[in-house]
Amino acid sequence: MNATSSETMRLFYALWPDNPTRTTLMQLQAPLHGRMIPYENLHLTLAFLGEQPVSRLPALKEILLRLNAAPGELVLDRVSYFTRNRIVWAGASETPPFVLTLYRELSEALMNQGVAFNEQHAFKPHITLARDASSPPDLAFAPIRWRAHKVALVRSENAPQGSRYEVLASRSLDEKWVLKDLPGGGA
Ligand code: 2AM
């Protein structure tokens with residue numbers, strides 16, 4: 001990464017699906033009409049930070065390492081539509097408590113650092129499948145059981161072919177040992 005301190009990056013934190021979950025999500029895209037999100041970009045945004053100074057990256061990575069929330073299972077059992085921005089998305093009829101706990105923990109850490117996020121957007125956990133899309137047909141499909149444990153800090157860059165994402169840091173919520181590597185031993 002070549003960056004000077006005055007530069008900014010467009011950043012977000014997301015739950016990052018494993019490859020089998022991505023493959024299954026792609027099967028849901030088959031009957032959709034619109035611009036499909038590529039396999040490697042599929043994710044569930046936890047906090048969208050927008051443009052942030054590059055100098056903030058160490059603090060944002062530390063927030064990721066310090067997350068103490070437990071991983072859990074998301075049952076992706078619905079495909080729906082945001083009319084306003086013409087997005088087809090997959091999600092869970094019931095948001096499991098671990099996702100809300102994770103979101104709350106991340107929100108508090110960001111607020112403590114004075115970082116604004118999700119401006120004017122309520123947290124609606126979803127995985128965007130297609131953009132510029134028409135309303136999806138009624139789809140019958142076997143619920144996708146995703147054991148969500150990987151959280152990523154991601155850079156988003158606009159490219160002619162669509163957004164390009166770069167995972168700047170990631171960790172598994174299964175791994176608590178990372179805390180010992182932090183100043184203060186994660187206390
Ligand atoms: P979307 O897929 O519903 O558009 C990278 O752009 C990610 O951040 C996408 O998942 C996008 O959600 C989300 N995102 C973009 N702008 C946002 C905003 N203002 N509030 C919350 N999430 C946003």
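What share of the contacts in the protein chain with a separation of 6 or more is accounted for by residues 24 or more positions apart? Such residues account for 78% of them, a contact being a pair with heavy atoms within 4.5 Å. The model is predicted, so local features need pLDDT of at least 70 and side-chain atom pairs count only at pLDDT 80 or more, while totals for chains, interfaces and linings use all residues. Residues are numbered from 1 along each chain as its sequence is written, and side-chain values use heavy atoms, with hydrogens and water left out.

**View 1. Order of the elements in the protein chain.** The chain holds 3 helices and 10 strands, taken as DSSP runs (helices H or I, at least four residues; strands E, at least two) and numbered from the N terminus. From that terminus they follow the order β-α-β-β-α-β-β-β-α-β-β-β-β.

**View 2. The largest nonpolar core.** This set has 47 residues, and Tyr13, Leu74 and Leu110 have the most contacts inside it. Helix 3 (residues 97-112) supplies the largest share, 6 residues. A nonpolar core joins buried Ala, Val, Leu, Ile, Met, Phe, Trp, Tyr and Cys residues through side-chain atoms within 4.5 Å; buried means under 20% relative accessible area with a 1.4 Å probe, protein chains only.

**View 3. Surroundings of Leu110.** Leaving aside residues up to four places away in sequence, Leu110 touches Tyr13, Ala47, Leu49, Leu60, Ile63, Val115 and Phe117.

**View 4. The second core.** A separate core of 6 residues includes Phe12, Ala152, Val154 and Tyr165. Across the protein chain, 44% of the 187 residues count as buried.

Definitions and conventions:
Buried means under 20% relative accessible area, exposed over 50%, partly exposed in between (1.4 Å probe, protein chains only).
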